[in-house]
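Trainee: I would like to look closely at one part of this model and then see how other parts of the chain compare in their description. Please take me through it carefully.

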Amino acid sequence: MSRAADLAAVLESTESLAIVCHDDPDPDCLASALALEAIALDTGVDGVTIGYGGEISHQQNRAFVNMLEIDLGHVSTVALEDHERVAFVDHTRAGGNTEVSEVEPDIVVDHHPDPNADGSDEVAFADVRTESGATATIFVEYLTDLEVELTTRLASALLFALHRERLDFVRDPTRREYEAALAVYPEADLETLEQLYGSAFSPATLDAIGRAIATRDRRGSSMVASAGKTAESDALPQAADYLLNLEGVDTVLVYGIVGDAIRISGRSIDPRVHMGETLVEAYGKLGEVGGHHDMAGGRIELGLFADDADDADALLEFAGDRLTRRFFEALNLEREE
């Protein structure tokens, strides 16, 4: 049996399904949830609920949800225990990148490596392909193999997800991403995608990018910058992407205060740098970090400094020196005199 058939077999014996997105879900995660919902409904699952943790603060992600009319609720209001099965898409374990901390998933589909997973969890279906550039790529394969109807809405969601996750930035896309995009392209609404691309930056994101530009600290081809305090966690990776366009720069780390934690986001186009491993080496003992060869991120709880979070400038000045030093040391870059 194919992996798609294995998934269908599990869903055929399922009456209700809760699909859990990771915190602050991006288009790849949201489109994958929509695809799993379509497969579940096609196989006869009576009730399907999509939930997410964190916030959908990125203006483009909010537009994605609104324009495609995605029905989802925050995990704090979704009764996961009332569903026969729980699925995780675009993440693999409770507590890793989600507010859901004590629920073992029955179904897992992801493309991210998880160094903290011990492989002991018994799940009804698991398909984790680190060789794929996007979780949406895996779901396009499922939809094709199972001959599930590809609606304009679903095709548009998947095509946008594939582009945002890999093809736009040419971040190690595999042949599968191009094949998946070609498969969904005929049914996608290109006008909707054009409108989504026009909703990339909110005022808060532009402010964060401006602060990152002003505070950048460069050593060789690597750079660290502070986005300050922001309510939009997605502003950090956008700032990192923006700084990566600077001539001669191939590795970027951006940090900032979001809520009660310091968030970090890293990007690299240097084949010698594995960003996920670099962040684990630099900050693995301080918080939850990890990711891919070319992109990674994480969070470090403020802890005892939470009471001083209102004085963001002073807190970031105190923490920023240490974050910067640890990052450059992990890259084996000496302090420039």
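Which residue of strand 6 is the bridge partner of Ile107?

Mentor: The bridge partner of Ile107 in strand 6 is Phe125. Before going further, note that this is a predicted model, in which local features need pLDDT of at least 70 and side-chain atom pairs count only at pLDDT 80 or more, while totals for chains, interfaces and linings use all residues. Residues are numbered from 1 along each chain as its sequence is written, and side-chain values use heavy atoms, with hydrogens and water left out.

Strand 5 (residues 107-110) and strand 6 run parallel and are joined by four bridges; two strands are taken to pair if DSSP finds at least two bridges between them, and helices (H or I, at least four residues) and strands (E, at least two) are DSSP runs, numbered from the N terminus. Within strand 6 (residues 125-128), Phe125 and Asp127 make up the covered face, whereas Ala126 and Val128 make up the uncovered one. In a regular strand the side chains alternate between the two faces of the sheet.

At the N-terminal end, helix 7 is capped by Asp189, which has a side-chain oxygen 3.1 Å from the backbone nitrogen of Glu191.

Elsewhere, Thr43 lies in the loop between helix 2 (27-42) and strand 2 (47-52), and with a relative accessible area of 19% Thr43 counts as buried. Leaving aside residues up to four places away in sequence, Thr43 touches Ala8, Leu11 and Glu12, contact meaning heavy atoms within 4.5 Å.

As for the cysteines, a search of the whole structure finds zero disulfides, a disulfide being a pair of cysteine sulfur atoms within 2.5 Å. The cysteine sulfur closest to that of Cys21 belongs to Cys29 and is 3.7 Å away, which is too far for a bond. Cys21 is buried at 0% relative accessibility, and Cys29 is likewise buried, with a relative accessible area of 0%.

Terms used. Buried means under 20% relative accessible area, exposed over 50%, partly exposed in between (1.4 Å probe, protein chains only). A polar contact is a pair of N or O atoms within 3.5 Å; within protein, one must be able to donate a hydrogen and the other to accept it, and residues adjacent in sequence count only if both atoms are side-chain atoms.
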